[in-house]
Structure formats: structure tokens, C-alpha cells
Amino acid sequence: MYVGRLAPSPTGLLHLGHARTFLVAWWRARNVGGRLVMRLEDLDGPRAKPEMAEAALRDLAWLGLDWDGPDYLQSTGLLEISAAAAELSQRGLAYACVCSRSDVRSAQSAPQLGENEPRYPGTCRGKFASLLAAEQETGKPAGLRLQVPDGNLTVNDNLLGARGFDVQGDVGDFLIAKRDGAPAYQLAVVVDDARQAVTEVVRGEDLLASSARQQLLQQALGLPAVSYLHVPLVLDESGRRLAKRDDDLSLQQLREGGTDPRAIVAWAARSCGIACARRVTARVALIDFSLAKLPRQPITLDAASIEALREAR
């Protein structure tokens, strides 16, 4: 059975780009008669706020989306995620690392960036017998990094097609547990996708490269493989993607300003090739949803469209 997921991160307000991606995830799951689970990815330290989690749930419900089963907070599953990290360490597939982000950056004369982070050069690989040994020998906190093999890995995306990644060449051995003991994003989502029996991950194209890392972790842990569908991003007129940190066209702002959510659904639907009126519910738009109609290129949200949504009462 198909199982999809909605997985907002409560680090800021959802914006129109999120709305479009979450609508696609909802349409995809409902179109095939599958289940859709909710996961609030609240592991991003102090940036994750309960009020942002509540706002995300409120915004998604305002758009007319529903999901199956109770809301799941990622932070409630820390024991299982930590156990997966310990297993990889015990099997020799991960190793202790005391390098800070600044250490990694300074180790590169010409930093190679992958997903906004420098490539890890393998400084601590093979150096310490365990996390405890690393901390005792250096007096520094230690994290865990996965030993990434050389070579290319193919991600078969259900919208964008086959994409090749050289994880070792792009980012090197990546963190699965941070130096403060918190689990890293890549491991957390893999463990939780398996826990929630997710079969397909629908999310923004900015996370496409993460899929290669997550495939490596699924294989290392012997977890079921999931399929991926990455939705091209929504950009502003300057070609910049919408971002939480700028509160770009937040759904909360639009909701409080009196915007009719059906206008937002209609904008997202038309951008996905769905023929519909200028105001439509998510469930009505579902009738004309087809994966084949989804565009493979980013969507530009121009000033006229923005103003029309703000004025849609």
C-alpha cells in the first residue's frame, strides 16, 4: 500500500512554496488511494518551536488537507534513532569525529560545497576506536560520521528521472549524530520513514541530493527502500526561492489577511497542470491531478500573482 508523508519542520512559518509542495504530496497520496502520515521534524535544536508546529498544522488544515493517524513528533523517537547510529558504529560503518564545522572549512584551501556545506576530508576516519575514546583523547565532544564509499549512486526520481550523485566526492563522510549527541537530519528521516512505513517521499527539489545519502543509510541499516518525488521549487521574480527566514508570503500572513484558501489551492493546482476555476478546494482539484502533468521546471511567482492572492477574499 502507498504511504506518503507530510513532514513540516517547525522552524518558521510555512509559505506558498511549502503550500504547493504539500498539496502535491496530498494529491499524490489521495490519487492512488494511499495513506498520508504527518511528521513534525522538530530536531533542529532551539530553532524548532512548538508554536511553529501548531502554525504548520493550522495552515495545512486551512488549505483543506487531512492526514491519516495521529501527528508524530520526531523528537519522541530519539531512542530508536540513536540506536540506529550506535548500530552503524558498532558494525564499523560509522566512526567518531571531533571536527567542528569551522575545522572542516579551514581544512580546505578551496572549499567544495555540497548542499551548502563543505566536503568533509576524512580527517578523523580510522583515528579513534570509539566515541568515548575520541572524547577522552582529545577533550572534545565527538559526533558520528557514516563511512561513505567512493563512486556514483543513482536516485530514480518519480518526477525528475534518474539522477546520479557522488556522495563521497560532494560531501564526503557525513554526520549521522552531531557532536552534542543530537541525531543528524539524514539519519532521523531514514529511521522515521521506516517506522512510519513510508513508501514514497514527496518533497521540494532542494532536498534531491539528500536522497542519495538517505539511500546509503537505508542500505546500511537494512531498511526498506523508499521511492522519491521531488517537486521543483517556487521562485520569486529574481529567481530566488522562497525561504522561511524571510517570512516570504507566509500562509499565516495570508490567512490573517483574509485570503480565501481556495485561491491558493487554485494557484497551486494550475501550476501543476490541473484545470480548475480560480477558487477550488484541494479535494475538487484532486479529480484532475496527474503525475504526468506536473512540470519539471521551477515555478515563478510573479508580482501580479502575489497581489491577486492577497486580494482574493
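Modeller: Strands β7 and β10 run antiparallel, joined by two bridges. This is a predicted model, where local features need pLDDT of at least 70, side-chain atom pairs count only at pLDDT 80 or more, and totals for chains, interfaces and linings use all residues. Residues are numbered from 1 along each chain as its sequence is written, and side-chain values use heavy atoms, with hydrogens and water left out.

Biologist: What makes β7 and β10 a pair?

Modeller: Two strands pair if DSSP finds at least two bridges between them. β7 and β10 have two bridges, so they pair by that rule. Leu 144 has Ala 177 as its bridge partner in β10. β4 is joined to β7 as well, by four bridges, and these strands run antiparallel. There, Ala 96 stands opposite Leu 144.

Biologist: Which way do the residues of β7 point?

Modeller: Gly 143 and Arg 145 point one way, Leu 144 and Leu 146 the other. In a regular strand the side chains alternate between the two faces of the sheet. Here all four are buried, meaning under 20% relative accessible area; exposed is over 50% and partly exposed in between (1.4 Å probe, protein chains only).

Biologist: How do you know that the span of α3 agrees with its length?

Modeller: Helices are DSSP runs (H or I, at least four residues), strands likewise (E, at least two), numbered from the N terminus. The expected span is 1.5 Å times one less than the number of residues. For the 13 residues of α3 (residues 78-90) that gives 18 Å, and the end C-alpha atoms are 18 Å apart, so the two agree.

Biologist: Which residues of α3 are buried?

Modeller: Ile 81, Ala 84, Ala 85 and Leu 88. Seen down the helix axis, the buried residues fall within an arc of 95 degrees, so they line one face of α3. That arc is taken from the directions from the axis to the C-beta atoms. On the other side, Leu 79 and Gln 90 are exposed. The cover over the buried residues includes β4 (94-97), β7 (143-146) and α8 (208-221).

Biologist: Why is Gln 218 called buried?

Modeller: Gln 218 has a relative accessible area of 5%. The limit is under 20%, so the label holds. Gln 218 lies in helix α8. Leaving out residues up to four places away in sequence, Gln 218 touches Val 190, Leu 223, Pro 224, Ala 225, Val 226 and Tyr 228. Contact means heavy atoms within 4.5 Å.

Biologist: What makes Glu 41 and Arg 39 a salt bridge?

Modeller: The rule asks for a side-chain nitrogen of Lys or Arg within 4 Å of a carboxyl oxygen of Asp or Glu. Glu 41 and Arg 39 meet at 3.2 Å, N to O, so they qualify. Glu 41 is buried at 8% relative accessibility, and Arg 39 is buried at 0%.

Biologist: Why does the pair of Arg 241 and Asp 206 tie together parts apart in sequence?

Modeller: Their closest N and O atoms are 2.7 Å apart, in a salt bridge. Arg 241 lies in the loop between β13 (234-235) and α9 (251-256), and Asp 206 in the loop between β11 (200-204) and α8, so the pair ties together parts 35 residues apart in sequence. At 36% relative accessibility, Arg 241 is partly exposed. Asp 206, at 35%, is also partly exposed.
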